[in-house]
Amino acid sequence: DAALAVPDKMVDSVCPYCGVGCQLTYNVKDNKILYVEGRDGPANHKRLCVKGRYGFDYAHHPQRLTRPLIRRADAPKRVDMAMDPERVMEVFREATWEEALDLVGRQLTRIRDTHGGKSLAGFGSAKGSNEEAYLFQKLVRTGFGSNNVDHCTRLCHASSVAALLEGIGSGAVSNPVMDVTKAEVVIVIGANPTVNHPVAATWIKNAVKNGTKLIVADPRRSDLARLSHRTLQFKPDTDVALLNAMMHVIVHEGLVDEGFIASRTIGYEELRQNVDGYSPESMAPVCGIDAETIREVARLYASSKGSMILWGMGVSQHVHGTDNVRCLIALALMTGQIGRPGTGLHPLRGQNNVQGASDAGLIPMMFPDYQRVDNPAARQKFEALWGVPLDPQPGLTVVEVMNAITEGKVRGMYVMGENPAMSDPDASHAREAMAALDFLVVQDIFLTETAYLADVVLPASAFPEKTGTFTNTDRLVQLGRQAIDPPGDARQDLWIIQQIAMRIGLAWNTADVSEVFDEMRRSMPTIGGITWERLQREHAVTYPCTQEGDAGQAVVFTEQFPTASGKARFVPADIIPAAEKPDAEYPNVLITGRQLEHWHTGSMTRRATVLDAIEPDPVALIHPLDLAQIGVRAGELITLQSRRGKVSLYARADEGTPPGAVFVPFCYYEAAINKLTNPALDPFGKIPEFKYCAIRILPGGDA
Ligand code: SF4
């Protein structure tokens, strides 16, 4: 009985779920986690949400992969698979590590040598450590010979990063979440922190209690809206209209910070002219927010001593995601609301290490530390460090890889800890693409929907089974420590990556995770001052930390921006509609996202006893008026259908979801909602439009 057992060891680590990066302690007995407690970390001060506190026993789940698996020659790759873990052996046979790794090495080498390095691609994971991300991208770049490496940042904040790099020279946050407690005004837009960043939401609630004015802007009304000074439930897909109208007010009422604009920015005149055409009166019918409310919120934001903007994927996951973020950046720049405590721009990062994985170069156009692959100086630096010539062409992004498979350009893949069969838009297309590969190797802890399509499955280590660094949404590099051993023959991911590297011709012999971190420090100036010893001692260090002994900078851009001129750039944006608007055939809008108890594609949380008990079934959140219109009661089955697929799931009445729209979490394999989503991409960030596509709602279940 876990409640009565006394732990025989306590291991300090961090939470494996969201980007808040709560520190916790695993209480362990006989290689089993009994319970988890919050630690006094900079981001959580002992607080944990339901996922951090109860979402740990997935690591002990009987469905954990414990032996390498090789696909049976006669086992078809079924893209409409109904997952049945009890029948795994009908599809795969167990193998030794030697046999499985040799097969992986032989197949990847054959494809590379026959069709060239660009015929291979790798997806790493924002769930892995910085060291795993770094070694994985190094393997693809030096072993495959291309930059075809990406991960789920492409699906969450790629557009935010594109706009931030373009505008202010850095893709990370300017201020930590905790700065909301120092702000007079906080805008939360396109984010639902009580669900997706729960402990961060508690700091926002504390700030409101102490007088901070909270503005919540989102097409769905979230729990946080109950505490807001103003709630802007704008029409889906109209972010640019709303934000440009706010800027129009700020310009026309003389609320701009002229000193800041003159000394710290370029391009203001072009932006000023652009927002001139977006008066609140003309944009009110477009975005659904009355002109006076737009004026009031604009004045509040511009005039306060400190205003901070936090945003999530409601902003980024659109074909105009980069434009949405350009507007947020422009708002902060024109009012000088950046570069001081209690101000700034904070894209709430999703997964626990999506910031770190991006920093470590797990993206197709950048080496570690966002050094562009098509920059000759950056390339020479990494060629000298890694000892091989490198491809000067940016590689393919997540969705582009799937299209390239269909076109016969990509023939082999290595997927580590990601589940594109569930997380990619138009998931049936993604599954068909992966099923068509000459060779797919998947490294994971469960037989995910992606692993089910693999030729070889390699059993990996769960979060508490390894040591490594993880970077949270605040740019805080934190140490996750091994608390338990992997089950059976499962191995640590760093070991697996290196074994594959050696079998495709790379002479790697890094023994310890700290050696990988040391190599990262040598190539990444922003973390150059962080030593492994310091991390062991202090548990967490904020970057930029360029010299040993630096305290690290929680608030950046205080004097200048990390751009060539030291100044930030205004980039105007105009209204671009969603790629697929509702019509007579598909009259409703689908918005996808997450729910509190489950994480991403659900492979971990749906195997965590407490979390699965709270939310066991796939649900669709629909306004009661829409339910009444189709004659369905809450709790009954409905079917959602788009031009790409259909799923059946349970209807849940939700007054926060606007009439005409449906919100569905993407964690349920039984109703894989990404079969419906649109793979249309933002042209800059290459992020798919998960927050908007046309569907119809049918009573009953027939999918
Ligand atoms: Fe984990 Fe995020 Fe919850 Fe903190 S807020 S416990 S990091 S899921």
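Predicted model: local features only at pLDDT ≥ 70, side-chain atom pairs only at ≥ 80, totals over all residues.
The buried ones are Asp-493, Leu-494, Ile-496, Ile-497, Gln-498, Gln-499, Ile-500 and Ala-501. As for what does the covering, the list includes three helices, α3 (97–115), α4 (130–144) and α22 (513–523). Strands β16 (412–416), β17 (439–444) and β18 (456–459) are also part of that cover. Just past the end of α21 sits Gly-505, with a positive phi of about 100 degrees.

The axes of α4 and α21 come within 10 Å of each other and cross at roughly 10 degrees. An angle under 35 degrees counts as roughly parallel, so α4 is roughly parallel to α21. On the α4 side, the meeting residues are Glu-131, Glu-132, Leu-135, Phe-136 and Leu-139. Facing them from α21 are Asp-493, Leu-494, Ile-497, Gln-498, Ile-500 and Ala-501. Sorted by class, this contact has seven nonpolar residues, three charged ones and one polar one.

Two residues from that contact, Leu-139 and Ile-500, turn up again in the largest nonpolar core, a set of 102 residues. They belong to the group that touches the most other members, along with Tyr-58, Tyr-414, Val-456, Leu-458 and Ile-530. Leaving out residues up to four places away in sequence, Tyr-58 touches Pro-16, Tyr-17, Arg-64, Ile-445, Phe-446 and Ala-462, and also Phe-463, Pro-464, Met-604, Arg-607 and Ala-608. A separate core of 56 residues lies apart from the largest one, and its members include Ile-215, Ala-217, Ile-294 and Leu-300. In soluble globular proteins, nonpolar side chains tend to be buried together.

With a relative accessible area of 0%, Val-442 is buried. Its contacts, again skipping residues up to four places away in sequence, are Val-415, Thr-450, Ala-451, Ala-454, Val-456, Val-457 and Leu-458. Val-442 also has its C-alpha atom 9.3 Å from that of Asn-419, which is 23 residues away along the chain.

Next comes the ligand. Around it are Cys-15, Tyr-17, Cys-18, Gly-21, Cys-22, Leu-48, Cys-49, Lys-51, Gly-52, Pro-198 and Val-199. Helices α1 (50–54) and α8 (198–209) each contribute at least two residues to this shell. Eight of the shell residues are nonpolar, two are polar and one is charged. Tyr-17 of the shell is also one of the residues touched by Tyr-58.

Most residues other than glycine have a negative phi, and most peptide bonds are trans. Lys-46 has a positive phi near 80 degrees even though it is not a glycine. Lys-46 lies in the loop between β3 (32–38) and α1, and its relative accessible area of 54% makes it exposed. Asp-426 also has a positive phi, near 50 degrees, and is found in the loop between α19 (420–423) and α20 (427–435). Asp-426, however, is buried, with a relative accessible area of 15%. The peptide bond between Tyr-543 and Pro-544 is cis, with omega at about 5 degrees. Pro-544 belongs to the loop between β21 (540–542) and β22 (568–569).

Pro-679, in strand β28 (residues 678–681), is 253 residues from Asp-426 along the chain, yet their C-alpha atoms are separated by 5.9 Å. Pro-679 is partly exposed, at 28% relative accessibility. Besides Asp-426, and not counting residues up to four places away in sequence, Pro-679 touches Val-399, Pro-425 and Arg-644. Another such pair is Val-161 and Val-325, 164 residues apart in sequence and 8.9 Å apart from C-alpha to C-alpha. Val-161 sits in helix α6 (residues 158–168) and is buried, with a relative accessible area of 11%. Beyond residues up to four places away in sequence, Val-161 touches Gly-171, Arg-349 and Tyr-370.

Technical notes: Residues numbered from 1 in each chain as written. Heavy atoms only, no water. Buried < 20%, exposed > 50% of the residue type's maximum accessible area, 1.4 Å probe, protein only. Helix = DSSP H or I, 4+ residues; strand = E, 2+ residues; numbered from the N terminus. Contact = heavy atoms within 4.5 Å. Axes fitted to C-alpha atoms, helices over the stretch in contact; angles between N-to-C directions. Parallel < 35°, antiparallel > 145°, perpendicular 65-115°, else oblique. Nonpolar A, V, L, I, M, F, W, Y, C, P; charged D, E, K, R; others polar. Near = heavy atom within 4 Å. Core = buried A, V, L, I, M, F, W, Y, C linked by side-chain atoms within 4.5 Å.
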